[in-house]
Amino acid sequence: RDPAQIVRWFVRRWQVEVTFQEARSHLGIETQRQWSDKAIARATPCLLALFSIVTLMASRLPARKRRQVAQAAWYRKPQPTFSDALAAVRWAIWREQAFVTSRRRSDSTKVRFALPDAWAYALCHAA
């Protein structure tokens, strides 16, 4: 094959490899501690589904939240990674839970989200 075709194959494979690496590091794929092979066979597809759900939820967030990238001191990331998407989805879920009101009272008002942004940022990336 010509070198350009080999590079194209590598680039396509790289995206899949990164997906599996992110799923391993953030969702625990391949580190499950079940006792039976059947349990592991059930857990892996569920974890990959969770990966997909987080990705889809992140894609529905506002562009400003979706594009936030946690920068490391030693390198710059040009694009958000799964860990950034996971933190953004955590933030959105926590924010919605803070605004939950009782269904019984029709005149209830939503309380203001009280978690300071700096804490939320740290917790979303640490969780």
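In the lining of the largest pocket, the biggest contributor is α1, with five residues. Keep in mind that this is a predicted model. Besides α1 (3–27), the elements that give two or more residues to that lining are α2 (37–59) and α4 (82–98). The lining has 15 residues in total, and those nearest the centre of the pocket are Thr55, Pro80, Thr81, Phe82 and Ala85. Sorted by class, the lining comes out as seven nonpolar, six polar and two charged residues. The volume of this pocket is about 380 Å³.

Now the second largest pocket. Its volume is about 230 Å³, and its lining is made of 13 residues. Which of them lie nearest the centre? Those are Lys65, Gln68, Trp91, Tyr121 and His125. Here α5 gives the most, again five residues. Both α4 and α5 (117–126) supply at least two residues of this lining. The classes are eight nonpolar, two polar and three charged. So much for pockets.

On to the chain as a whole. How many helices and how many strands does the chain have? Five helices and zero strands. Read from the N terminus, the order is α-α-α-α-α. The chain has 127 residues, and 23% of them count as buried.

Next, contacts. Take the contacts in the chain with a separation of 6 or more: 48% of these join residues 24 or more positions apart.

Last, the surface. The accessible surface of the chain is about 10300 Å². Carbon and sulfur atoms account for 59% of that area.

Note on methods
Residues are numbered from 1 along each chain as its sequence is written. This is a predicted model: local features need pLDDT of at least 70, side-chain atom pairs count only at pLDDT 80 or more; totals for chains, interfaces and linings use all residues. Side-chain values use heavy atoms; hydrogens and water are left out. Helices (H or I, at least four residues) and strands (E, at least two) are DSSP runs, numbered from the N terminus. Buried means under 20% relative accessible area, exposed over 50%, partly exposed in between (1.4 Å probe, protein chains only). Contact means heavy atoms within 4.5 Å. Accessible areas come from the Shrake-Rupley method with a 1.4 Å probe; for residues, only the protein chains shown count as cover. On a 1 Å grid over the protein atoms alone, a cavity is a set of points where a 1.4 Å probe fits but cannot get out, and a pocket is an open set with protein on both sides within 12 Å along at least five of seven lines; lining residues have an atom within 4 Å of a point. Grid points are joined across faces, edges and corners, and a volume is the space filled by probe spheres set on the points. Ala, Val, Leu, Ile, Met, Phe, Trp, Tyr, Cys and Pro count as nonpolar, Asp, Glu, Lys and Arg as charged, and the others, Gly among them, as polar.
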